[in-house]
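Here's a quick briefing to read with the model open beside you. Take a look at the chain, then work through the topics below.

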Amino acid sequence: GKCQTGQQFTKSHCNKKLIGARWYSRGVDQDDLKDEYLSARDFNGHGTHTASTAAGVLVRNVSFNGLASGDARGGAPHARLAVYKVCWGTGGCFDAAVLKAIDDAIHDGVDVLSLSLGSLDNENGQGTLFAVSKGITIVFAGGNDGPSPQTVSASVPWIINVAASTLDRSFPTVLNFDNGLKIVGQAMFYDINNSTSRTLVQGGSCNQEDLKNVDVTGKMVLCYSPNEVSTAFPSVGYSFALTNALAAGAGGVIYTEYPTDLLYAVIDICHGIPCVFVDIEAASKISNINSTVKVSLTRTVVGDEVWAPMVVSFSSRGPSHSFPSVIKPDVAAPGANILAAVGDSYAFESGTSMACPHISGIATLLKAAHPDWSPAAIRSAIVTTAMTTNRYGEPILANGVPRKVADPFDYGGGVVDPNRAVDPGLVYDVHPKDYLKFFNCTLAPDSQCDALTSPLYYLNVPSIAIPDLRTTQQVLRTVTNVGNVDATYKAIVEPPSGAKIVVEPSVLVFNAKKKKNNFKVTFTAIRKVQGQYSFGSLTWVDGKGHSVRIPIAVRTVIYDNYSDVS
């Protein structure tokens, strides 16, 4: 590649780890370039955070003011890194720059592209196909607009779209009231000088009007208005409430919320002042107390006592409104309160931008372990081996309002399990030319076009989504054996409610001469109804440790273009 110089970035900044650096400012509004480095140098920390998550080397004794202490490293610490700066200031990431950077990355010979960009429209999504046709695996952040449905971005079928999940790590913080009551909230409170007893006062919703008639100076303010508990992402509720209370002179804040998985955000607002998140049940108890309260320093708890993983509330959800015949997101990975490099230190960030490089690192390891695997094979290995239950066999949950059991529109195949992905047994492979059959030949010369455009659920991806099942629909799939040469797999079907599924053949036999097998899946609607999506799965098992599972989503319909509103 190229080591492009610029402001505070010279050729000496490239080395055997950072082997390429480019930046793209043409066409960017001048206001977005203000206070920025006109170079590949990171300004706001986002690029450094994601890069270190994907490929950072091992660094010992890392923490944020003592929180989450331990050793830090990226998913693929021996991988080399090339960076392409396409995002500037607060204006976001610019389409022309993104496409030019992808084109340069193709010519630079990268193996994996990690795109924590926030959004990708369909036109630019199709532009990524040329990179995939060159054997480059593309991993994309699914977006932070959850838990609302149909918010997932970057839903073209040849990329890996990543949702965000939690880690088995939490930050319990004890509120000690002088009446003996102890309530545990969540915080990132580390300044012992601020751990003093404070008088508790009621701040309502902590808007400026509610705080106007309350003396909060030096006191602990409870922000609790039962009818105004924050649910959305970005959650402006907590930001406004904390900012208002601290601006009014509060010595600390207890903020009430549903789980938003945005704990890290209090750091930049509270700056060492105790700001503690509690749920409605806890807030209801606190609201009836006349007391003083002392906040203990936050502890870091890791392991079995933390219910994890869960899909985070802000992670964008399917189905894709652009391509409902492909399940998106594909898979989930850690994206809440992730500690990674920022500037010359380490900091917490949350978002599908943080989940994306986890998968990018894993895809890089898979490419190193299996150099002949295509991007589709790598995606298949990740999706078909993902977890749908935790280590105790309990179903993975999805945060939202209300919290629920996660389904494929929350996390695709599940939460990534990298150790299983390296040996998936079978893969659903796709030749890049096969994608062209599904996009009206807009991406290929006429000589490569198939005049008949097929429904997307015919594409050999590791999932099946049928958004328009009327009576009966047949879908074909092909699996390639990448495990033991001689193997026999049996089908296990979990049909979605409202549909019957038949798999033919239900047994697949592989040997040295038979490395691929085709099978047919027939879906039959049980009743004629303008229905809702329901979910199931198809799993191929060999009885020797391989379990190759794909998610299924089916919606029965009577009429086309029927709006699901009431």
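Counting the bonded cysteines along the protein chain, the disulfides follow the pattern 1-2, 3-4, 5-6, 7-8. A disulfide here is a pair of cysteine sulfur atoms within 2.5 Å, and the structure holds four of them. Keep in mind that this is a predicted model, where local features need pLDDT of at least 70, side-chain atom pairs count only at pLDDT 80 or more, and totals for chains, interfaces and linings use all residues. Residues are numbered from 1 along each chain as its sequence is written, and side-chain values use heavy atoms, with hydrogens and water left out.

**The Cys3 and Cys14 disulfide**

- Cys3 and Cys14 are joined by a disulfide, with their sulfur atoms 2.0 Å apart.
- The torsion about this S-S bond is about 90°, so the disulfide of Cys3 and Cys14 is right-handed.
- Both Cys3 and Cys14 sit in the segment before strand 1, so the pair ties together parts that are eleven residues apart in sequence. Strands (E, at least two residues) and helices (H or I, at least four) are DSSP runs, numbered from the N terminus.
- Are these two cysteines buried or exposed? Cys3 and Cys14 are both buried. Buried means under 20% relative accessible area, exposed means over 50%, and partly exposed is in between (1.4 Å probe, protein chains only).

**The Cys87 and Cys93 disulfide**

- Cys87 and Cys93 form another disulfide, and their sulfur atoms are 1.9 Å apart.
- The link of Cys87 and Cys93 is right-handed, with 95° about the S-S bond.
- Cys87 has a relative accessible area of 27%, so it counts as partly exposed.
- Cys93 is partly exposed as well, at 26% relative accessibility.

**The Cys206 and Cys223 disulfide**

- Cys206 is joined to Cys223 by a disulfide, 2.0 Å from S to S.
- This link of Cys206 and Cys223 is left-handed, with -90° about the S-S bond.
- The pair links distant parts of the chain, 17 residues apart: Cys206 is in the loop between strand 13 (198–202) and helix 6 (208–212), while Cys223 is in strand 14 (residues 220–223).
- Cys206 is buried, with 0% relative accessibility, and Cys223 is buried too, at 3%.

- Cys356 counts as buried because its relative accessibility is 0%.

**Strands and their pairing**

- Strands of a sheet pair through backbone hydrogen bonds, either parallel or antiparallel. Two strands count as paired if DSSP finds at least two bridges between them.
- Strand 13 and strand 14 run parallel and are joined by three bridges. Val201 stands opposite Val221 in strand 14.
- Strand 13 is also joined to strand 17 (residues 292–295) by two bridges, and these two run antiparallel. Look for Thr199, whose bridge partner in strand 17 is Thr292.
- Elsewhere, four strands form an open sheet with antiparallel pairing, in the order 25-27-31-29. Its edge strands are strand 25 (426–427) and strand 29 (499–504), and each pairs on one side only.
- The bridge partner of Val427 in strand 27 is Thr480.

**Nonpolar cores**

- A nonpolar core is a set of buried Ala, Val, Leu, Ile, Met, Phe, Trp, Tyr and Cys residues joined through side-chain atoms within 4.5 Å.
- Which residues touch the most other members of the largest nonpolar core? They are Leu242, Phe348, Ile359 and Ile382, out of 61 residues.
- Helix 10 (residues 352–369) supplies the largest share of this core, six residues.
- Apart from that core lies another, of 44 residues, including Ala21, Ile138, Phe323 and Val430.
- Leaving out residues up to four places away in sequence, Ile382 touches Ile160, Val331, Ile359, Ile362, Leu366, Val416 and Ala421. Contact means heavy atoms within 4.5 Å.

**A look at Gly6**

- Gly6 is in the segment before strand 1 (18–23), and at 29% relative accessibility Gly6 is partly exposed.
- Not counting residues up to four places away in sequence, Gly6 touches Trp23, Leu38 and Ser39.
- Gly6 and Gly143 are 137 residues apart along the chain, and their C-alpha atoms are separated by 31 Å.
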